[in-house]
Amino acid sequence: MVSGPSGIGKTSLVSGLVAQWPSLYVRPISYTSRPKRSGEDDSEYNIVSHSRILEEFQYGNLANLDNVYGNLYAIAKSSIDAALKRGLSPIKEIHPRNHGKIRRLYQDCAAILVLPDVGEKIISSPGKDSRLAQDAEFYSSIEIKDFEVIARSSKTAGLN
């Protein structure tokens, strides 16, 4: 489980690990109700309706359910189970609010927290300001002890 504020580089970290070590890591398939992003393929997300995700969660097919800025996100249990059966480590960006849900199902998972380098700020962009403010409030009160790995990200130097 990789967590951190918006814009910190979680997706870049996960994508880099999967690309560099495909025999170790795999990104499990998720569901989302958000619109498809430019250049995005179907390899990571099943983009479905809000009601479909809620239905899949009710049926017990999803490991978590998270509402992020008005869009639902969830990870398919079958995708995690398939990765584990193949001896791979599923790795995914997950909000810390969902860590408990995932840990109840998969006790051996690890939580990674990505934070900016000391003294460095996350670069804002139009539309991200409100998310950054919400994230700043949430992550300023987070318990570091709840994470197995703390990583520092620098926009100029990459992940340390």
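How many of the 5 residues of strand β6 (residues 71-75) are buried? To find out, select residues 71-75 in this predicted model and show their surface: strand β6 is mostly covered, with 4 of its 5 residues buried.

If you then follow the chain through the hairpin of β5 and β6, you pass 2 residues between the strands, and Y69 takes a positive phi near 50°.

Stay with D66, and show its side chain together with that of R97, because the two meet in a salt bridge, with 3.1 Å from N to O, that ties together parts 31 residues apart in sequence, D66 lying in strand β5 and R97 in the loop between β7 (89-90) and α4 (99-105). Which of the two partners is buried and which is partly exposed? D66 counts as buried, at 8% relative accessibility, whereas R97, at 48%, counts as partly exposed.

From here, move to R103 and E148, which form another salt bridge, their closest N and O atoms being 3.0 Å apart. R103 belongs to helix α4 and E148 to the loop between α5 (129-140) and β9 (149-154), so this contact ties together parts that are 45 residues apart in sequence. Both ends can be inspected from the surface view: E148 is partly exposed, with a relative accessible area of 47%, and R103 is partly exposed too, at 24%.

For the last stop, select helix α2 (residues 50-58) and display R52 and E56, which are 4 residues apart in that helix and therefore separated by about one helical turn. Their side chains form a salt bridge in which the closest N and O atoms are 3.1 Å apart. R52 counts as partly exposed, at 34% relative accessibility, while E56, at 11%, counts as buried. The pairs you have visited are among the 5 salt bridges counted in the model.

Key. Residues numbered from 1 in each chain as written. Predicted model: local features only at pLDDT ≥ 70, side-chain atom pairs only at ≥ 80, totals over all residues. Heavy atoms only, no water. Buried < 20%, exposed > 50% of the residue type's maximum accessible area, 1.4 Å probe, protein only. Pairing = 2+ DSSP bridges. Salt bridge = Lys/Arg side-chain N within 4 Å of Asp/Glu carboxyl O.
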